[in-house]
Amino acid sequence: MKIPASYIARNLWVRKLTTGLTAGGMALVVFVFAAVLMLDAGLKATLVATGSPDNVVVIRQGSQTEVQSGVSRDQAALIETSPEVARGADGRPLVSKEVVILNSLPKIQASGSNQLTKRSNVVVRGLPEMGKTLRPQVRINEGRMFRAGSSEIIVGKSVARGFAGVEIGQHLSFAGREWTVVGVFDAGKTAFDSEVWGDVEQMMQAFRRVVYSSVIAKIAAPELFGALKARVDADPRLKVDIKREAEFYGDQSSSLSSFITLLGMALSVIFSLGAMIGATITMYAAVATRTAEIGTLRALGFQRASILVAFLLESLLLAFVGGVIGIAAASFLTAITVSTTNFQSFSELAFAFTLTPRIVISALVFSLLMGFVGGFLPAIKASRMKIVDALRAD
Amino acid sequence: MFFLNFVLRNVFRARLRTALTIVGLVIAVLAFGLLQTVVRAWYAGADAASATRLITRSAISLTFSMPVYYRDKIRAVPGVTAVSVSNWFGGVYQDPKNFFPQFAVEAPTFFPMYPEFVFEADSYREFLRDRRGAAVGRQLADLYGFKVGDTIPLKSAIYPGTWEFNVRAIYDAKDDTTITRQMYFHYDYLNEQIKRIAPRRADQAGVFVVGINEGQAAPDISRVIDAEFKNSLAETLTETEKAFTLGFVAMVETIVVAIEGVSYVVILIIMAVAANTMAMTARERMSEYATLKALGFKPAAVAAMIIAEAFLLAILGAGLGMLLTPVVVKLFHAATVSVFAKMPLVAHTFYLQAVCAVAVGLVAGIVPAIRAARVKIVDGLRHVA
């Protein structure tokens, strides 16, 4: 025979303060747990969304990032003429030869703070008109596109939000030139939002560079990647690494992602110990104050197993309430965008807390697990009571 | 005396509950102390910085180099006592996981500016004599078992190929703040190799380390240096070594702030647990408090008893936690020594732990204390827990 669920729920409701405090402690743990997963999901979503499946990135062998890479004009031309590369309506290959530079810019600081100026590295990308064609997700939000052959630049919306001196009409001064900001672009929550774009030939001249950083090419069909890679690897003139764009950006998340996950999981486990102790204390008290009640239930014919289940369910319900509160609180975080330096690319990257169904389920399972562990010993104690002793208790 | 005795006996009446609460407190105080220490560890580099050293780097960003002849122009600036070149090598030892910093420096001018690195005179001369020689810090040598005479092969993502260096000297730290988890080798060796493989990238300096007479002159000297190269191909940005190091922390500030924020969450969690314990305790004893009042105890005395009990719990838990903190920090540092060069446990951390313990005690005791003080004798005596 089962003990009715309303009995279990009412027991929690009767002791509101205790229930509230215990569930509150668990909610905080679930909040931290969910926040970490959301941060990691946001980071991955941003970097994975940056790459498109038909685009490939070519960089110098072993250089890992575009900033450290160098691809000569000859090498770029060889890639351009590969048969796997798609061609536009006018017959020109869909290839963008780009130069990537890190520029340290001052961050916007809270007004009134007189600390030293905080700077962070921003990716400055020089690209031809084709570069924008290969990234259809990029839209100009304000102002206009930079003109080819001019010292004009446009900034991503995360750069516009986080850095000082990058409003339309303002100038950035680097490489012996003044660069005028003429537009702000929205790259649809991808890493490009954290970049500054300008004309590739102008940038190469200004920085006295003779080689490109990377070559981005659209392949005619995604399955042609293998053929292109085989061709590039076989050509002794091309000492380059070639990757799908999605993979290239996905790889850049690995270091920061494992740091966040490791730190977050370690914290969640330590914190959950505290919350589980809270649940154990609460459930032991629940058992102690209801000793006579337990005796009565047993005398009425409820089995030991039913008592065990009832107390476990009470603990699980308590944890579930905590879990739901924790997730609800964490869901407010989705409004927040985090901006930090990605270790791997050594440049600033903005990403948002992202709540996925998977995270909701993980967080709920985590809270139920805490409830189970916390309520287990008290429930055993309750189920082991002898009827006579329990009834005699005052 | 009676008061104290009463409180002590009450604390240990429900032994299991008290023990569990104290364990919870110990964990929370430990976690808090550890997180605070991790936050401090990010700033270890800035703690080690000297006020009489400036760093001059490219104004664009650290990934840009400057012509090495800038050295002589900087040397001519009044107030400058020494200038040396330092290049980030970015080498990987066997596996990318084995990260440690390597710098190509002009040793004869570099090390006199860093008196905190203590060399044996003989080995230092050996290091200067060997063109492929390397000087390895004590912490780094211990981490990978490097000994004098070893050869360290490094693959660099910045400079092509595999490079081999001979360990000629192992230097020690002068004091606790000195970080010795890095390797230095000769700039001349690097430069000659680059001249062969990539002549356009030769004769370039990543940063200049600038020694000055007195720290107060730093802002003026920095301005003069940067003005010297204004409107040149490679404009410079000069700042104190401390500001330079803090610049790295600022880049990941969001993460540091998050860790610090989270460290207070654990205190909130344990506050809820301790408050719960006290609330349950007080509810169960409501009739006892009423009895005490009936015997003539003032409401304030009853409230004081409950608050004292909460404090005692908090102090016991926090005290144990604080005692264990150095042990846990040491264990944690042993596991993360490749990430954090130093993990200094400062007095401030203990102070914060103590403040948190007091806050937990107060918050946990206050509501039950008010309830017990307010309860009417008749209601209290009738109370069933």
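Domain bounds in this predicted model come from an automatic or database domain assignment.

**View 1. Chain B is divided into two domains.** Domain 1 of chain B is built from 2–44 + 253–382. Domain 2 of chain B covers 60–234. Taken over C-alpha atoms, the centres of these domains of chain B lie 49 Å apart. Domain 1 of chain B gives 5 residues to the contact, and domain 2 of chain B gives 5 residues. On the side of domain 1 of chain B that touches domain 2 of chain B, 3 residues are nonpolar, 1 is polar and 1 is charged.

**View 2. Chain A also has a domain 1 and a domain 2.** Domain 1 of chain A takes in 5–48 + 254–392. Domain 2 of chain A takes in 62–238. The centres of domain 1 and domain 2 of chain A are 46 Å apart, taken over C-alpha atoms. Here 12 residues of domain 1 of chain A contact 14 residues of domain 2 of chain A. On the domain 1 side of this contact, at least two residues each come from helix 2 (16–50), strand 11 (337–342) and strand 12 (347–352) of chain A. Strand 12 of chain A gives the most to that side, with 5 residues. By class, the residues of the domain 1 side are 5 nonpolar, 6 polar and 1 charged.

**View 3. Chain A and chain B meet in a contact between chains.** Chain A brings 44 residues to the contact, and chain B brings 37 residues. On the chain B side, helix 2 (15–42), helix 10 (241–251) and helix 11 (253–284) of chain B each supply at least two residues. Helix 11 of chain B makes the largest share of that side, 15 residues. The chain B side divides into 27 nonpolar, 9 polar and 1 charged residues.

**View 4. Helix 14 of chain B carries a kink.** Helix 14 of chain B runs over residues 347–374 and has 28 residues. At 1.5 Å a residue it should span 40 Å, and its end C-alpha atoms are 41 Å apart, so the two values agree. The kink, of about 35°, lies at B:Ile366.

**View 5. Several elements of chain B cover the buried residues of helix 14 of chain B.** Among the buried residues of this helix are B:Thr349, B:Gln353, B:Cys356, B:Val360 and B:Ala364. B:Pro368 is buried as well. The cover includes helix 2, helix 11, helix 12 (286–294) and helix 13 (299–335) of chain B.

**View 6. The largest nonpolar core has 171 residues.** A:Val32, A:Ala34, B:Ile269 and B:Ala274 have the most contacts inside this core. Helix 2 of chain A gives the most to it, with 18 residues. What does B:Ala274 touch, not counting residues up to four places away in sequence? B:Ala274 touches B:Thr21, B:Leu25, B:Ala310, B:Leu313, B:Ala314, B:Val360 and B:Ala364. Another core, of 45 residues, lies apart from the largest one. B:Phe127, B:Ala141, B:Val167 and B:Ala205 are among its residues. In soluble globular proteins, nonpolar side chains tend to be buried together.

**View 7. A:Ile101 sits in strand 2 of chain A.** Strand 2 of chain A covers residues 95–106. Is A:Ile101 buried or exposed? A:Ile101 is buried, because 26 other C-beta atoms lie within 10 Å, and 20 or more count as buried. Not counting residues up to four places away in sequence, A:Ile101 touches A:Val124, A:Met203 and A:Phe207. A:Gln170 is 69 residues from A:Ile101 in sequence and 20 Å from it in space, C-alpha to C-alpha.

**View 8. A:Gln64 has a positive phi.** Most residues other than glycine have a negative phi. A:Gln64 is not a glycine, yet its phi is about 65°. A:Gln64 is placed in the loop between strand 1 (55–60) and helix 3 (73–80) of chain A. A:Gln64 is partly exposed, with 18 other C-beta atoms within 10 Å.

**View 9. A:Phe346 has a positive phi.** The phi of A:Phe346 is about 60°, although A:Phe346 is not a glycine. The loop between strand 11 and strand 12 of chain A holds A:Phe346. A:Phe346 counts as partly exposed, with 18 C-beta neighbours inside 10 Å.

Notes
Residues are numbered from 1 along each chain as its sequence is written. Chains are lettered from A and ligands numbered from 1 in the order in which they are written. This is a predicted model: local features need pLDDT of at least 70, side-chain atom pairs count only at pLDDT 80 or more; totals for chains, interfaces and linings use all residues. Two residues are in contact if their C-beta atoms, placed from the backbone, lie within 7 Å. Helices (H or I, at least four residues) and strands (E, at least two) are DSSP runs, numbered from the N terminus. Ala, Val, Leu, Ile, Met, Phe, Trp, Tyr, Cys and Pro count as nonpolar, Asp, Glu, Lys and Arg as charged, and the others, Gly among them, as polar. The expected span of a helix is 1.5 Å times one less than its number of residues. The bend at a residue is the angle between axes fitted to the seven residues ending there and the seven starting there. A residue is buried if 20 or more other C-beta atoms lie within 10 Å of its own, exposed if 12 or fewer, and partly exposed in between; C-beta atoms are placed from the backbone. A nonpolar core is a set of buried Ala, Val, Leu, Ile, Met, Phe, Trp, Tyr and Cys residues joined through C-beta atoms within 7 Å.
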